[in-house]
Structure formats: C-alpha cells, structure tokens
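I set out to record, entry by entry, what I looked up in one structure.

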Amino acid sequence: ERMPKRTPKPLAKLKPIRTTAPKNKKKKNKTGNHQRVKSKPNIITFNDDSTDKTNTNVGPVPEHTQFIRNFHTIEKYKNAVQYNPTLTEEEKRTKVEEYNKELESLGGIKEYQKASLTGESQKQHNQFHSGEWVISELQKSKVLSNGVDKLKILDVGALHVEPYKKYKNKIDITGIDLNSNHPDVRQIDFFEFTKTVQPETFDAVVLSLVVNYVGDPRKRGQMLQEAHQITKVNGLMFLILPKACVANSRYLKHSMLVKMMKSCGFDLVSFKNSEKLTFYIFKKTMSCEQLENSEANKEWARKVVRGGQERNNFCILI
C-alpha cells in the first residue's frame, strides 16, 4: 500500500540551538536528596599579544604628549614632501617653508625639548643640560685630566654652551642648532654642517634629544652614520633619547639599538635611565674605511619587536 505523507514540523516548533550555558540541573545524592550541580559556562578565551597588559585603562592624553605627537606629525609631513614625485622643486620648497612655520608657531625645538623633559622631577627639569652630564662623564673617565690637547666637542641642538665654558682650557666646544637664540651657538642644520667638516674631526659628538626630533626615520639613521664620520676613532658619542622611544616603541628596544649602533661603528660604553630620559655613551671603534668593509655594516628595516596597543611608532632606519 502507499506510504502516508508526512507533514514537516513548523519552524516555530523546532528546538532552538543553545547559545548560553545550560541551567544548573539537580541530581540525587547518595542520601536521596536533590543537590544542585554546577555546569561549566561557555567561555571564549583569547590569546592576543597585541593587548597592552600594562595599561588597560586609557585616560586622556597629557598635554606634553599631544604636543610631541603634533610636532612629529608635522615633521613627518614635511619630510614626505621630498619624496613626492608630483611636486616641482619650487612647490616642495614652498611646502617645506609652510611646515617650518607651523613648527615655529609651536615653539620649535626649545618647546619640544621642554615637552620631552616633562615628567622629570622639578629639580632635574630645572637643572638639566646635556653639557653638565657630558662633562661629569668625561671627568669620571679621566678624559679631561689625561688629555694634552683640547677636546673638540660638537653639541648638536645646544640651547647654550655655558657648562663647557668652565673648562675652556680643556674643551673646544662647537654648538649648533636649527634655530639658535644664543650668540655662542651657530644656527645651521646638522646635515649641512657635516658637509663643511673633515672626517674624524671631533673627540665627542653630543646628540641630545635631536635624533627623535627628526621626523623621518631614514634621516635619524643618517644622523647616526654622519655622526660616526665626523667622530675620531676612540671618540665618544653621547646620545640622549626620551625613555619611551626605547622602552615603549613597537619598532625599537635597547638591545636592538645597541646592535644598530654597532653597525654604525660604535660600541656601547654605558647607559642609564631617568624618569623620562635614556642616556647612552658609545665609543667609535671602527674608522670610516674599516666600517665600509666590515660585515657589521648592514641595513636596518622597520620591524615589530614589541606588541601592545599603547606603544609608540618611534623607529630608526639605516
């Protein structure tokens, strides 16, 4: 005989798929009484290395931090003009001038350095001058007392050179800055200055809060390379960076910076941290000719070395 037709169940009567944990069920224990059994909840877990576990509460951005960000953004746009193939040379010059005016309206490198120092104790902030630190380190290493000739020191981004003047019989100081407001500090761009200087001229080069001031990561690397060219063999480089550039960057950390400096012909002598700054002393161990033929001389590209949402994007490219 013919099979009877089956009518499908209406959709409304289909049992829904469980999306939540089942309710606690009861079962009898050995005594016959009911006890509640806890069921495991459906928990989704994530293993996300990009989460910054050190700071989950993101508050308002401090004023000095926002200032530094704005400054770097303008610098980045200014440097990008050079690589824009759609602009004529005249248009590039006009754009660069406009961005320079914006930087000047913010206060230039003076305000930038003040913002970078925000967070230091008031005593450190009032007394800080890279020259004081450089001289104290030279005294510790007895370089000032051992030398017969005057030490030739270049201080890049110097606001003034007063600390060095106390040792005018032992130090021949050259201070340069993009926007000098001091008669003893020459107003000139570092990259223009190095064109006028013979290789291996200085016993020490001081780069205090200037590498991070440069907006283009390639120019930062170029600054380190050119500092090597004008430093004497066994001469010193004093490098000061905001602590966050090394301790909280996606693309740079201490060990990487030391290797990077090695590829530029410098070996690490010492380093220390303050509340907001990192202080490095490097020694030039290879001449320009030796470095050119050395296996240590290599390129450094952008590479993520540290995860986290609250990281900054500071990097140096060589």
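My entries on conventions, charges, rings and backbone follow.

**Conventions.** I worked on a predicted model, in which local features need pLDDT of at least 70, side-chain atom pairs count only at pLDDT 80 or more, and totals for chains, interfaces and linings use all residues. I numbered residues from 1 along each chain as its sequence is written, and side-chain values use heavy atoms, with hydrogens and water left out.

I took a salt bridge as a side-chain nitrogen of Lys or Arg within 4 Å of a carboxyl oxygen of Asp or Glu. I found eleven salt bridges in the structure. I first looked up Glu-89 and Lys-92, whose side chains meet in a salt bridge at 3.8 Å, N to O. Both residues lie in helix α2 (residues 89-106), three residues apart, about one turn of the helix. For helices I used DSSP runs of H or I with at least four residues, and for strands runs of E with at least two, numbered from the N terminus.

For burial I used relative accessible area: buried is under 20%, exposed is over 50%, and partly exposed is in between (1.4 Å probe, protein chains only). Lys-92 counts as buried, because its relative accessibility is 16%.

I then turned to Glu-90, which forms a salt bridge with Arg-93, the closest N and O atoms being 2.9 Å apart. Glu-90 and Arg-93 are likewise both in helix α2, three residues apart, about one turn of the helix. Arg-93 has a relative accessibility of 46% and therefore counts as partly exposed.

**A salt bridge between helix and loop.** What does the bridge of Lys-165 and Asp-184 tie together? I noted that the two side chains meet at 2.4 Å, N to O. Lys-165 lies in helix α7 (residues 162-165) and Asp-184 in the loop between β4 (171-177) and β5 (185-187), so the pair ties together parts that are 19 residues apart in sequence. Lys-165 is partly exposed at 38% relative accessible area, and Asp-184 is partly exposed at 35%. I also recorded that salt bridges with shared partners join Glu-162, Lys-165 and Asp-184 into one network.

**Positive patch.** I found a positive surface patch formed by Lys-253, Lys-259, Lys-298 and Lys-303. Patches are made of residues with over 30% relative accessible area and no salt bridge; like charges are joined within 9 Å, and nonpolar side chains (Val, Leu, Ile, Met, Phe, Trp, Tyr) within 5 Å. Of these lysines I looked up Lys-259, which lies in helix α11 (residues 254-263). Lys-259 is exposed, with a relative accessible area of 54%.

**Aromatic pairs.** I counted six aromatic pairs in the structure. Rings of Phe, Tyr and Trp (its six-membered ring) pair if their centres lie within 6.5 Å; planes under 30 degrees apart count as stacked, over 60 as edge-to-face and the rest as tilted. Phe-190 and Phe-191 are both buried.

For Phe-271 and Tyr-280 the ring centres are 5.8 Å apart and the planes are at 20 degrees, so the pair is stacked. Phe-271 counts as partly exposed at 41% relative accessibility, whereas Tyr-280 is buried at 1% relative accessible area.

Ring pairs also link Trp-133, Phe-238 and Phe-279 into a cluster. I placed Trp-133 in helix α5 (residues 130-140), where it counts as buried at 8% relative accessibility.

**Contacts across the sequence.** Trp-133 and Pro-163 are 30 residues apart in sequence and 9.4 Å apart in space, C-alpha to C-alpha. Val-210 is in the loop between β6 (202-208) and α9 (217-230), and it is buried, with a relative accessible area of 5%.

**Backbone.** Where does Lys-142 lie? I found Lys-142 in the loop between α5 and α6 (143-146). Its phi is positive, about 60 degrees, although Lys-142 is not a glycine. Lys-142 counts as exposed at 54% relative accessibility. Asn-234 also has a positive phi, about 75 degrees, although it is not a glycine; I placed Asn-234 in strand β7 (residues 231-242).

Note on methods: Accessible areas come from the Shrake-Rupley method with a 1.4 Å probe; for residues, only the protein chains shown count as cover. Lys and Arg count as positive and Asp and Glu as negative; His and the chain ends are not counted. The place of a charge is taken as NZ of Lys, CZ of Arg, CG of Asp or CD of Glu.
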